[in-house]
There are 2 protein chains.
Amino acid sequence: MILSPGATVGVLGGGQLGRMLAMAALKIGLRCHIYAPEAEAPAYDAAHARTVAPYEDEAALRRFADACDLVTFEFENVPTATLEFLQTLKPVRPNPRALALTQDRLTEKTFLRGLGLETAPFADVADPAGLVRAVRDLGRPAILKTRRFGYDGKGQTMIREGSDLGAAHLALGGGPMLLEGFVAFEREVSVIAARSLEGAIASFDLCENEHERHILARTRVPARTSPALAPVAREIAEKVLAGLDYVGVIGVEMFVARAAGGAERLIVNEIAPRVHNSGHWTIEGAETSQFEQHMRAIAGWPLGSTTRRGAIEMRNLIGEEADDWRDILAEPDMSLHLYGKQDARPGRKMGHVTRVLRPPEA
Amino acid sequence: MILSPGATVGVLGGGQLGRMLAMAALKIGLRCHIYAPEAEAPAYDAAHARTVAPYEDEAALRRFADACDLVTFEFENVPTATLEFLQTLKPVRPNPRALALTQDRLTEKTFLRGLGLETAPFADVADPAGLVRAVRDLGRPAILKTRRFGYDGKGQTMIREGSDLGAAHLALGGGPMLLEGFVAFEREVSVIAARSLEGAIASFDLCENEHERHILARTRVPARTSPALAPVAREIAEKVLAGLDYVGVIGVEMFVARAAGGAERLIVNEIAPRVHNSGHWTIEGAETSQFEQHMRAIAGWPLGSTTRRGAIEMRNLIGEEADDWRDILAEPDMSLHLYGKQDARPGRKMGHVTRVLRPPEA
């Protein structure tokens with residue numbers, strides 16, 4: 001099913017990703033209907049319509065599906081059952097299987113290994129005894145993670161020399177977990193890529209990411225890796241997209257580590273089945289933004305050019321950093337984005353700033 | 001009064017200019033409340049809130065003013081009385097005097113002459129006898145225009161050899177008019193410029209415009225004039241902005257004609273006290289879009305950089321031209337904008353396409 005201009009795209013999730021998706025939809029003549037449980041959410045202001053209801057409310061979901069031509073999501077913790085229900089009523093893109101797979105760190109890593117991709121060593125941790133075995137196998141330091149509902153460092157804890165395994169297991173809630181062996185990486189990179197309804201793939205240039213307190217702080221493009229690494233990273237993203245029979249934009253996060261011989265190698269860390277914070281630079285920095293690209297892909301439209309417009313630096317504005325908005329506006333080469341969030345809580349993504357260092361005018 | 005992020009800007013008018021203003025507001029964390037009489041309007045989808053009411057509805061205007069922190073407009077035929085009423089309740093930027101002056105072609109031309117700027121020769125036409133006198137003074141061909149409510153060629157007619165003056169006067173409704181002497185121009189150009197609350201002025205590069213059937217068809221930047229003409233045009237825009245004590249973005253349309261000695265000279269045609277169709281290219285083609293620039297100016301924020309990113313061509317999609325949306329999307333260097341209008345009537349602006357030919361990557 002291919003959309004026409006004027007069609008309505010339903011978006012599950014009301015955060016800044018939904019806000020920027022809805023803005024991209026406006027540009028190309030599509031409408032967004034945002035579905036989210038929060039009374040206030042950044043995406044509502046950019047949306048044609050909103051439904052404020054829990055993700056489990058079947059009556060609300062049914063009305064939402066009636067009002068939309070197709071459904072997508074910007075929030076990776078939407079219950080799989082919600083998407084599966086909606087799929088009986090309207091096309092859901094990307095397909096719910098991709099979301100279900102990435103919601104569980106164990107199935108995600110197993111899928112990546114199945115594609116022949118390198119991941120951190122990992123072990124299933126079903127119970128405290130399983131954690132003891134996993135630590136014996138993978139050694140310390142290692143990272144204990146809940147299988148589900150993790151983002152921005154939530155749902156994980158480091159197992160160091162001397163860490164109390166029982167306490168760590170309890171601290172994460174005692175549910176299903178996995179242990180990941182520690183990876184000594186040089187840098188973190190990501191590929192933002194899109195796959196169209198016909199299976200065409202377009203990747204943006206390799207991003208280099210810096211995290212602070214587990215939250216993305218800065219993205220630089222191009223990444224400071226050897227030139228040979230970028231096509232390898234792109235091929236990994238293409239394998240993931242094809243493996244998931246994916247339609248839309250995906251973010252694939254990777255570590256750059258050194259192989260024994262000194263060469264760079266890529267270890268896949270995580271898949272984000274949605275537009276991605278490390279792709280925000282594409283609004284000013286690429287011919288097509290990741291948000292428009294996602295809309296084009298799910299609409300069944302041709303993908304846009306991913307050509308980069310210069311050397312990029314994107315910086316997230318976390319918490320009170322957004323108070324500097326006026327100074328940022330006064331910088332001629334900075335483009336300010338604010339998400340309309342009123343309460344600048346610590347750790348909250350309030351906006352971002354993109355700087356594109358352009359080649360000199362010809 | 002300076003706005004803070006999260007503030008609400010009221011916009012009178014619901015067309016594509018309001019839609020793109022509201023999208024720019026979203027980017028920088030402002031909200032737009034659109035006020036327009038139409039039940040369906042392109043700007044509503046991008047707005048935080050809407051008021052659908054006539055411009056003369058004082059109760060609705062009062063509620064609108066209560067809901068906004070300041071008021072601006074995207075439609076140049078908003079009644080002056082509406083703005084004057086709103087100004088008693090909330091700041092209105094740009095000031096209503098600028099709008100009132102440009103709503104009347106006679107006061108507009110008189111103002112421009114008062115600044116020492118060249119315009120087409122013109123004469124007041126109060127009645128049919130006045131038209132006879134004006135034609136005797138200015139000769140034929142000449143253009144008869146209503147003093148008010150003209151845009152895109154509406155409210156004007158050509159007086160040629162043999163034209164029946166009485167019929168022409170009647171055809172334009174018999175109200176107050178003016179006659180403009182014919183100007184043999186080489187090209188049409190425009191300056192899009194902004195003035196901040198503190199009086200700082202920033203102009204975008206000189207645009208060259210082509211009209212078809214009185215509607216803007218194409219804008220090219222830079223204009224193909226001698227390099228010396230661009231600063232002259234910019235100075236004209238600066239005079240107009242300062243003369244109106246203007247805050248916000250303005251469009252100043254000019255003709256390029258040849259002086260007796262062969263040198264280019266600029267004849268001011270019209271002032272548009274708002275963001276302007278010939279500035280749409282700034283969304284992709286400049287460091288700051290004219291829409292964000294207008295929001296920055298009226299908010300009391302610093303103006304953004306107007307640096308251009310390449311050689312530009314912007315093309316309007318009029319009526320059925322928008323049916324080519326899919327072909328346009330498939331062109332890698334074209335950026336498509338659709339305004340969400342459902343009915344592609346002939347002459348209706350449905351969207352636009354911008355192409356930025358960038359300098360090669362350094």
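**Terms and model**

A residue is called buried if 20 or more other C-beta atoms lie within 10 Å of its own, exposed if 12 or fewer do, and partly exposed in between, with C-beta atoms placed from the backbone. The structure is a predicted model, in which local features need pLDDT of at least 70 and side-chain atom pairs count only at pLDDT 80 or more, while totals for chains, interfaces and linings use all residues. Residues are numbered from 1 along each chain as its sequence is written, and chains are lettered from A and ligands numbered from 1 in the order in which they are written.

**Helix H10 of chain A**

Helices (H or I, at least four residues) and strands (E, at least two) are DSSP runs, numbered from the N terminus. Helix H10 of chain A spans residues 290-299 and is mostly covered, with ten of its ten residues buried. Among them are Phe291(A), Met295(A) and Ile298(A), as well as Glu292(A) and Arg296(A). Gly300(A) follows H10(A) and has a positive phi, near 80°.

**Ser226 of chain B**

Ser226(B) lies in the loop between strand E12 (215-221) and helix H8 (229-243) of chain B. Ser226(B) is exposed because 11 other C-beta atoms lie within 10 Å. Glu264(B) is 38 residues from Ser226(B) in sequence, and their C-alpha atoms are 7.9 Å apart in space.

**Relation of the two chains**

The same surface serves both copies, as 97% of the contact residues of chain B recur in chain A. Two residues are in contact if their C-beta atoms, placed from the backbone, lie within 7 Å.
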